[in-house]
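Subject: Structure handover

Hello,

Here is the structure I promised to pass on. Please load it before reading further.

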Amino acid sequence: MAPKKRPRMSKKAADAGKADDGGKVSAAEASVGGKRKATGKSKESVKADDPPEHSHWLMKSEPESRFENGIDVKFGIEDLKTMLDQTSCWDGVRNFQARNFMRQMKKGQLAFFYHSNCKEPGIAGLMKIVKEAYVDHTQFDKKDVHFDASSKPDNPKWSMVDVQYQRMMKRFIPLSELKKYHLQHRAQGGPLKDMALFTRARLSVQPLTTGKSGSARCVCLVSFMFPFNTSRCCSSLQRSLSLW
């Protein structure tokens with residue numbers, strides 16, 4: 001009998017495997033979730049040192065069939081489109097930094113749907129965060145490929161968000177094209193020089209923009225694809241998406 005297919009996405013391979021471009025993962029990238037050392041700073045100083053607030057995201061999932069323990073972990077953007085209300089939980093993230101990024105997500109924020117671990121990886125479409133982080137139930141399911149015996153119901157390790165399909169990109173944006181611009185910008189300076197897709201390639205959930213005091217400073221992919229004045233870029237982003 002054919003293996004049972006599960007209509008949920010798997011990011012485990014993206015979290016723990018090689019980068020899409022074949023690059024190696026550094027020890028620094030593999031080490032996440034460490035504690036912050038006490039510095040004895042004032043509350044104001046500690047607040048200033050808090051992680052930046054991100055407002056746009058890139059999230060990876062696998063659009064081609066791959067079986068783990070008899071379960072097909074395939075979940076591409078076309079699968080998201082077939083779900084009820086074109087909405088699904090984004091479960092299976094088992095990397096602490098990627099999990100922490102999901103915990104920062106706010107309802108209504110936008111994310112690029114990135115096809116990973118496939119023949120042609122790249123950005124396929126756009127989705128919206130419709131439910132903020134809550135407990136990922138798959139960590140407690142012994143039959144699930146993302147079961148984590150070390151996680152307990154009274155102190156769960158892993159979280160997920162709900163996402164809703166918005167639209168396809170007007171053209172698929174392949175990793176090879178993004179990498180070309182990244183290398184150019186790294187050599188000459190530009191918004192893609194520090195793009196997490198290449199600097200933190202193993203992460204299946206990655207930030208694209210940072211915000212401060214209500215106004216956002218666009219970096220990486222968003223500022224490159226929607227090239228407005230940086231002080232206006234994020235306020236113009238929704239209108240700019242029609243270009244792609």
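Below is what turned up, starting with the ground rules.

This is a predicted model: local features need pLDDT of at least 70, side-chain atom pairs count only at pLDDT 80 or more, and totals for chains, interfaces and linings use all residues. Residues are numbered from 1 along each chain as its sequence is written, and side-chain values use heavy atoms, with hydrogens and water left out.

**The sheet**

Six strands form an open sheet with mixed pairing, in the order β5-β8-β7-β6-β2-β9. Strands here are DSSP runs of E, at least two residues; helices are runs of H or I, at least four residues; both are numbered from the N terminus. Two strands pair if DSSP finds at least two bridges between them. The edges are β5 (87–89) and β9 (205–207). Each has a single partner strand, so one side of each has no neighbour in the sheet. On average, neighbouring strands are turned by 35 degrees against each other, direction ignored. Axes are lines fitted to C-alpha atoms, for helices over the stretch in contact; angles run from 0 to 180 degrees between N-to-C directions.

**Strand β6 and its partners**

β6 (residues 110–115) runs antiparallel to β7 (residues 122–135), and six bridges join them. Y114 has I123 of β7 as its bridge partner. H115 pairs with G122 of β7. The hairpin of β6 and β7 has six residues between the strands, and N117 takes a positive phi near 55 degrees there. β2 and β6 run parallel, also with six bridges. M59 has F113 of β6 as its bridge partner.

How many of the six residues of β6 are buried? Six of the six are, so β6 is largely enclosed by the rest of the structure. Buried means under 20% relative accessible area, exposed over 50%, and partly exposed in between (1.4 Å probe, protein chains only). L110, F112 and Y114 cover one side of β6, with A111, F113 and H115 on the other.

**Helices on the sheet**

Helix α5 (residues 96–104) lies across β2 (56–61), β7, β8 (159–174) and β9, at about 95 degrees to β8. Helix α6 (residues 175–188) packs on the sheet and touches β6, β7 and β8. The direction of α6 makes about 85 degrees with that of β8. Contact means heavy atoms within 4.5 Å.

**Salt bridges**

The whole structure has seven salt bridges. The criterion is a side-chain nitrogen of Lys or Arg within 4 Å of a carboxyl oxygen of Asp or Glu.

- D136 and R94: the closest N and O atoms are 3.0 Å apart. D136 sits in the loop between β7 and β8 and R94 in the loop between β5 and α5, so the pair ties together parts 42 residues apart in sequence. Both D136 and R94 are buried.
- E68 and R66: 2.7 Å, N to O. E68 is buried at 17% relative accessible area; R66 is partly exposed at 23%. A network of salt bridges links E62, R66 and E68.
- D194 and K193: 2.9 Å, N to O. D194 is partly exposed at 47%, and K193 is partly exposed at 36%.

**Cysteines**

A search of the whole structure finds zero disulfides (pairs of cysteine sulfur atoms within 2.5 Å). C89 is buried at 13% relative accessibility. C118 is buried at 17%.

Best regards
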